[in-house]
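Dear colleague,

I am passing on a structure for you to look at, with notes on what was found in it. Please read the notes with the structure open beside them.

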Amino acid sequence: MTPNDLQALALPSQSLLAAVRRDAPLVQCLTNYVSMNYAANAVLAIGASPAMVHAEEEAPEFARIAGALVINIGTLSSPWLQSMLLTAQAAKAAGTPWVLDPVAHHATAFRRDAIERLLDLEPAIIRGNASEIIALAGGHSAGRGVDARDAVAQAEQSARDIAVQRHTVVAVTGEVDYVTDGARAVRIAGGSPLMPRVTATGCALSAVVGAFAAVSRDDPYVAALAALSCFAIAGQRAAVQAEGPGSFAWRFLDALAALEDDCLTRESPLR
Amino acid sequence: MTPNDLQALALPSQSLLAAVRRDAPLVQCLTNYVSMNYAANAVLAIGASPAMVHAEEEAPEFARIAGALVINIGTLSSPWLQSMLLTAQAAKAAGTPWVLDPVAHHATAFRRDAIERLLDLEPAIIRGNASEIIALAGGHSAGRGVDARDAVAQAEQSARDIAVQRHTVVAVTGEVDYVTDGARAVRIAGGSPLMPRVTATGCALSAVVGAFAAVSRDDPYVAALAALSCFAIAGQRAAVQAEGPGSFAWRFLDALAALEDDCLTRESPLR
Amino acid sequence: MTPNDLQALALPSQSLLAAVRRDAPLVQCLTNYVSMNYAANAVLAIGASPAMVHAEEEAPEFARIAGALVINIGTLSSPWLQSMLLTAQAAKAAGTPWVLDPVAHHATAFRRDAIERLLDLEPAIIRGNASEIIALAGGHSAGRGVDARDAVAQAEQSARDIAVQRHTVVAVTGEVDYVTDGARAVRIAGGSPLMPRVTATGCALSAVVGAFAAVSRDDPYVAALAALSCFAIAGQRAAVQAEGPGSFAWRFLDALAALEDDCLTRESPLR
């Protein structure tokens, strides 16, 4: 893309960030125990309203009033999977967009089976690291678990394949992110090497992708790239003063909350 | 109340804070996954000892040795509800005071039913935001989930109604808090607009209310206003140097730990 | 031991820290809800890779690929206990070393029974506070729950007894730590009084002990003292600038990440 194309692409991100802050959409998260607190704080920092409502008894009902749903299988178990399936189904029926974070889905048979069933419920956006996306497309990944051991560039073809086959948006995050809906694609630079050293940063991103999906129901591709742009800029800013992963974690929340709407065009990380 | 009355009311708070630090009461929390870490740190910061013992197999037994019990339905599920009911029952039987935090109880049928059953087990103190308290009294609230969309002032009548009907203390928190036992009532000013932007701040407050309830068994009204006073002062102090919600969160824990016993009379936030 | 002996003992710690950072071993944690985030961040900070894979459906399978397994009963329930037993068994069968953190095991009948069953599965290392270790050896402890009310010195005999009887390494942590495998023993000084005021510090330590156990399979005694040494040095450094428990928590993660390999010999906390 030309610089002008990229600038044109950055404009909707700016409007979406303003919309998130104006509407404070309810983002329902069925996420893992490790990330719940940090993801909720990231959703609050960006201006949306997190709701960690997960149980089978109420999560499907709640999905009908939520602005978006985020499902993350980081600490999966049978009762949670059962609820995730029912809630994704309810979201689908209600037209609530939902985001899938397939954490370490290739690590065990239980996860491999779970992810197949979740994929069939048509997530609007899939957000994962390179190893996860390569494995999702059936490729051989170097990842052992939650960590990414492959470069994003090696996952771009996998991302496009999944996007086309599943009619979804795929966001691969790493040193340089990649977002595609099969037809369109863009890279996002920025962030910080400290981000993978803070647990739940990826999970928090998936939750924030949900916040943007809630205010961009007709175009989840733009929602994903707006959310990733916010993380790229806030990550870069937070790293300036961080002395390690501990100080990065809270500085990053401060930076998310302090993002000016127009930073997404002024400092656009789209490449 | 006159300034003298308020000052007289602040005095017991000061003794209670000293008692919390001297006795380090065990505060058993059946709370949500989002808040567990932050609530435990807040309880430690104020000088008490948190115990997140929640399972049906042991929580009722533990309630008999705990100084107070705190039940928060933020991430409710059937097994947790079952344990909450048994544990509240055990607390009631043992004379252990217990605090109820009815998070988003009006959001789903599952929660509405759960909260009715919990209320029947006679919490000593109920701590919620304005939307939750209005809905608890049967009113129509603007809240959609965990966020408060009503002002505390609009919940004061609801709080009094619940306090009288349920023989309990009701603490409504927001920009200016309100505490009542039906007969007595007081407002508490202070805190910071950053507090609702940090997830689990309300849950942490409910846990700290438990710490004070443990050392003020004969007067839960004073326990509640002492805990809320600590949060109001610490919140105000933490906000001075905070640059956003990320830095506020840890500064607030530092501020709680640094509260001088006599700040509750010297800088009393009672109004 | 003479200063020369201690210095000789510190040398392997230094190699192990380098090995953790080079190999980034997978540390599978079945730990409590309160500590999951902080423990994962501590494992990342030391250079290893945390995996909070806990469910019965997959945790035993995962234990075969993990470098080490850590089991912590802080927020125990029946489904988790069932999974812990199966996973420890799988670890044992696969030769994966595992670490037991017997949080408040003496507080309820449920825990007392659970800990007996877990001990029979032969943990390589047990890490607890003085009250927990005294109670584990059948002694009468002053602890009421998760907090330690006994001094480490009073638990040293208990630690030796357990180590000999169970053919395991016992690490007792407190103001001055004590590590023994029954034959060998060493004390570790350092840390900070703020450490017990931050929830999950002990749980995070147990997880980091797992990281070292993964790279020291033939000598868990050295793994334990290396992990405790890292915590002692990082804790001491973090305390210098900390203004309370809130700022200590993140400064400690920064300090863990910033440890130079040779600090373990240059500033050896072994006594």
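Two residues are taken to be in contact if their C-beta atoms, placed from the backbone, lie within 7 Å. On that basis, 26 residues of chain A are in contact with 29 residues of chain B, and 26 residues of chain B are in contact with 28 residues of chain C.

This is a predicted model, in which local features need pLDDT of at least 70 and side-chain atom pairs count only at pLDDT 80 or more, while totals for chains, interfaces and linings use all residues. Residues are numbered from 1 along each chain as its sequence is written, and chains are lettered from A and ligands numbered from 1 in the order in which they are written. The model scores ipTM 0.95 and pTM 0.97, and chain A averages a pLDDT (the predictor's confidence in each residue, from 0 to 100) of 95, with 97% of the residues scoring at least 70.

On the side of chain A that touches chain B, at least two residues each come from helix H2 (36–46), strand S2 (49–51), helix H3 (59–63) and helix H10 (245–258) of chain A, where helices (H or I, at least four residues) and strands (E, at least two) are DSSP runs, numbered from the N terminus. H10(A) gives the most, with seven residues. By class, this side of chain A has 17 nonpolar, four polar and five charged residues; Ala, Val, Leu, Ile, Met, Phe, Trp, Tyr, Cys and Pro count as nonpolar, Asp, Glu, Lys and Arg as charged, and the others, Gly among them, as polar.

For the side of chain B that touches chain C, H10(B) supplies the largest share, seven residues.

With best regards
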